[in-house]
Each structure stands twice: as structure tokens, then as C-alpha cells.
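Here's a quick tour of a protein model for anyone just starting out with structures. Keep the 3D view open and click along as you read.

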Amino acid sequence: TLSAAYPALGSAGGGARVLIRGVGLRRYTDAVGRAACRFGGGTAGEEPPFGRTTDVPMTVLNDTAALCTAPPRDDSTANASRAEAVHLRVSLNGVDFSPSNLTWRYLAPPEVTAIAPRAAAAIGGTPITLSGKWAPEGATAAAAGPTAPKCLFGPPNGTLVNDSVVTSTYDAADYGAVPNATTLAYGTSGDGTYGGWAYATNWSAEHIVCVLPPLFGGGAGRGYVPLRVALALNGQQFAHAPPDVTLTVYEQPAPAYLAPPAGPATGGTRVEAVGLRMDAFWEQGTSICHFGRVAVPIEASDGKSATCTAPPHLHGAGAVEVTFTLNGIDFFGGVPEPLSFRYYVEPLLVDAAPRGGPTAGGTAVTLRGWGLRAAVIADVGARCKLCHISDEDATSSRCVAGLGDHGVAVGGGE
């Protein structure tokens, strides 16, 4: 008597390793090894003997478990691009087959066409969405264990260990329950295990989500590392995405401080986040800084810093936390402490005395106005700049870029 098959589906090209569960599988052991699994004999829901059948050897493990390898689907009358369910039966003597109470489902290989996000930190934890086309029947697979849908991430030119078959723990002692231990890995390099896999946490006919496992011990080690992506609906037969659909893995950046750490509430201050690996990944429109809840793009980055322009702060003076994302999903803050940017009300300058001095410099100038202590309180190293201001900018309390004394170029916005 048969009760279940794990997995219950596989590639139309065959090759899936199938665990048959039932009772009485050792009541008769053929000395010449005639035990067999039979795939086919009509579509599920029909009574045999309709359609063609294919018999493959079966290995009896104990009274409740046996193993066989699914054959390729007979496509003489079937459409290879669609799913098809057929009968699955077993025989201990190669002649008398069990009543058909199991169903085996042949599926076309899944097609992965896109990945989002396109990059993630090697520490793992990022939800990775694979988009493409596959039979909706694949979504009925188990949620965990050897037969559950899996995503695989590995080197772009690497080959799989057990490319078509995942080695599962089929120990006799485990046959009281569905096997739940799976080993799967790429070859190793000097960085340790080169790649990893994860169970699908959500799936439909067009999207599958897997949470990226930790890779490279949490650090990519060499900066950007593009990984090849593959998907298995039955947990063991992986179909690779095209070469241009890859996941770039990077080591998590570690911003240590902001320069400057404060600016006027009107915004416009160019702020550098200084730290380590700040150029780990950058994508226009995706890599952003968050000043509180306001997002602005990361405009430039190198190994030591990433630059953003502070947005206006509608609430006037106050401090906000600054966080970052490189891939549009995973946000990170300062290391070891959160980074804070303090907004102050921009000072208003109404008078300077004296109004002139010798070209050699050295004249002490007293400025008068309102809000002049704001920058001092914010501890940003307040300073003065002498520059020419155009007539059009006469109402502004900030300099515009142009030529300063003796024709020396000066920047604006200070």
C-alpha cells in the first residue's frame, strides 16, 4: 500500500530522485532485483492501462520506504511545454504492480527572467524575488524539507555538486517522517563555501521569494561578487537563470561619521558619510540616503565615503537619523553608533564691522544678526567666508559660487 511520493513532481526530462512511502514494501524481495516503479499508464484521474508506461528500477530500503529515479516523460502524445500528471505505481517482482493511488507530475523546467533586488549584502537576510515563468502546479510543493522549492546562489562559471540530484538524508531511522535534511553546495574556494541555497518563503506562477542565506562568512571579501541564480520547484532539479540575471553580493558598508554633521533647515548641504566599503554597490535611482523619512539619492561614492545632499527639514531645527540603502531594500546605519544630522535655522546676517581692511588680511570683523549661535550649538565648526555676492543674491544670507578676493574661486552655499 502506497501513501506518498517525495517529491511528487519533477522535470519532464526525468532524473528526479523519488522517495516512495507506504507499507509492506519488504514483504517480498526479488533476488534478481526486479522491483520497479512504473510512471505513466494514463493521466491522473483515469484508470490504467491508458497511455504508455515506463518502468525504472526501485531500491527497497525497508518495509515503509523505497527509492527510484523518475524517467523522462513520454512526449510522443504530450506537449513538452505543459505540465502533465500521470500514475505512479510500484512492483516488487516486476510483474504485479500496485493499484494506482499516487500521482507524479511532470513539469517543464522553470524559466527565471529577472531578479530583484540585483544586489545584497553577504550577511544575508535579504528577500530575493525571482520572476519568470513556471507551471503553477509547482506552487503546491512542501514548505520545507528536501522537496520544497529552493533558490540557489553560486559562482557565475561554477558547476553544481549534484547538479541534477540533491543528496538528501534517506536514513532508515528517519522514515517515520518526511526527510528534512538536505545537503547542497558549490565547490569551495579560498573564501570558504562559494555559494548557498535557501527555501522559498513565498511563491506563485510568476514570482518566487527566497531569503538570501549568509555567504562568504558574511563578507564578500573581494568587493563585488556576481553570483549565478538557479531555481528548483521540487528542491533538487535546478534550472539556471540566463547569464545576465545575476545577484551581486557585497560586504556591508560601515559608515562611521558625517561631514559636516549639521546644516541649515533649508537643506542643500552636501553631506559625506565617511567609513568603510562605501562604494560596495551603487545603482542610480536605487542607492539612497534617508534623512529621517526623507529619501535623497547617493550622488557619488568611493571606498571611504558616500555623498548625499541634505533635504529641507520642514520642522525647522532638530536632529534626524541618517540611514542608507545600496540595493533599495536593506537599510543600514552608522557603525558603531547611529548617525545623526542636526538641522539649525539658518542665521540672518544684517551688519559687518568694519566694512573693509588691508589686502594683507588680519582684520577682525564683527558680524551682527540673528541665529548666529545656531551653528556653534550644532558643533559644526562655524566659519566665515569672504566672497563676492551678485546683486540677484542680495536677499540671501548665503554666498553664491564665483570669484573671491584676488580672483580666487570660491564655492557657494556656506
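Below is a briefing that goes from the whole chain down to single residues.

First things first: this is a predicted model. The protein chain has one helix and 35 strands, so strands will come up a lot in what follows, as counted by DSSP runs. Of its 414 residues, 44% are buried.

**The chain as a whole**

- Look at contacts between residues at least 6 apart in sequence: 63% of them join residues at least 24 apart.
- The chain exposes about 20,700 Å², and carbon and sulfur atoms supply 55% of that area.

**The nonpolar cores**

- In soluble globular proteins, nonpolar side chains tend to be buried together.
- The largest nonpolar core here has 29 residues, and the ones touching the most other members are Ile-128, Leu-130, Phe-153, Ile-208, Leu-231 and Leu-247.
- Several strands give two or more residues to this core, among them S9 (111-116), S11 (127-133), S12 (150-154) and S17 (196-203). Strands S18 (207-211), S19 (225-232) and S21 (246-250) are also on that list.
- Which strand gives the largest share of this core? That's S19, with four residues.
- There is also a second, separate core of 25 residues, which includes Cys-289, Ala-310, Leu-339 and Phe-341.
- Zoom in on Ile-208 and skip its neighbours within four places in sequence: its contacts include Ile-128, Leu-130, Trp-134, Cys-151, Ala-200, Trp-203 and Leu-231. Thr-129, Asn-202 and Leu-233 are in contact with Ile-208 too.

**A buried threonine in a loop**

- Thr-126 sits in the loop between strand S10 (119-121) and S11.
- Is Thr-126 buried or exposed? Its relative accessibility is 1%, and the cut-off for buried is under 20%, so Thr-126 counts as buried.
- Beyond its neighbours within four places in sequence, Thr-126 is in contact with residues including Pro-117, Ala-120, Cys-210, Val-211 and Leu-212. Asn-327, Ile-329 and Asp-330 are among its contacts as well.

**An open sheet**

- Four strands line up as an open sheet in the order S22-S24-S28-S27, with antiparallel pairing.
- The edge strands are S22 (254-259) and S27 (300-301), and each of them pairs on one side only.
- Strands of a sheet pair through backbone hydrogen bonds, either parallel or antiparallel.
- How many bridges join S27 to S28 (residues 305-309)? Two, and these strands run antiparallel.
- To find this pairing on screen, look for Ser-301, which stands opposite Ala-306 in S28.

**Salt bridges**

- The count of salt bridges comes to seven.
- Arg-38 and Asp-55 meet through their side chains, 2.7 Å from N to O. Arg-38 lies in strand S4 (residues 36-43) and Asp-55 in strand S5 (residues 53-62), so this pair ties together parts that are 17 residues apart in sequence. Asp-55 is partly exposed, at 38% relative accessibility.
- Arg-118 and Glu-283 form another salt bridge, at 2.3 Å from N to O. Arg-118 is in the loop between S9 and S10, while Glu-283 is in the loop between strand S24 (270-276) and strand S25 (288-291); the two are 165 residues apart and link distant parts of the chain. Arg-118 is partly exposed, with a relative accessible area of 43%.
- Arg-270 and Glu-299 pair up at 2.6 Å, N to O. This link runs from strand S24 to the loop between strand S26 (294-297) and S27, spanning 29 residues. Arg-270 counts as exposed because its relative accessible area is 51% and the cut-off is over 50%, whereas Glu-299 is partly exposed at 35%.

**A proline and a surface patch**

- Pro-297 is in strand S26 and is partly exposed, with a relative accessible area of 48%.
- Pro-297 and Ser-287 are 10 residues apart in sequence, and their C-alpha atoms are 6.2 Å apart in space.
- Setting aside neighbours within four places in sequence, Pro-297 is in contact with Ser-287, Ile-288, Thr-307 and Cys-308.
- On the surface, Leu-349, Val-365 and Leu-367 form a nonpolar patch, with about 240 Å² of accessible area together.
- Val-365 belongs to the loop between strand S32 (348-353) and strand S33 (366-370), and it is partly exposed at 46% relative accessible area.

How values were computed:
Residues numbered from 1 in each chain as written. Predicted model: local features only at pLDDT ≥ 70, side-chain atom pairs only at ≥ 80, totals over all residues. Heavy atoms only, no water. Patch = residues over 30% accessible without salt bridge, like charges linked within 9 Å, V, L, I, M, F, W, Y side chains within 5 Å. Areas by Shrake-Rupley, 256 points an atom, 1.4 Å probe, with all protein chains shown as cover. Salt bridge = Lys/Arg side-chain N within 4 Å of Asp/Glu carboxyl O. Buried < 20%, exposed > 50% of the residue type's maximum accessible area, 1.4 Å probe, protein only. Pairing = 2+ DSSP bridges. Core = buried A, V, L, I, M, F, W, Y, C linked by side-chain atoms within 4.5 Å. Contact = heavy atoms within 4.5 Å.
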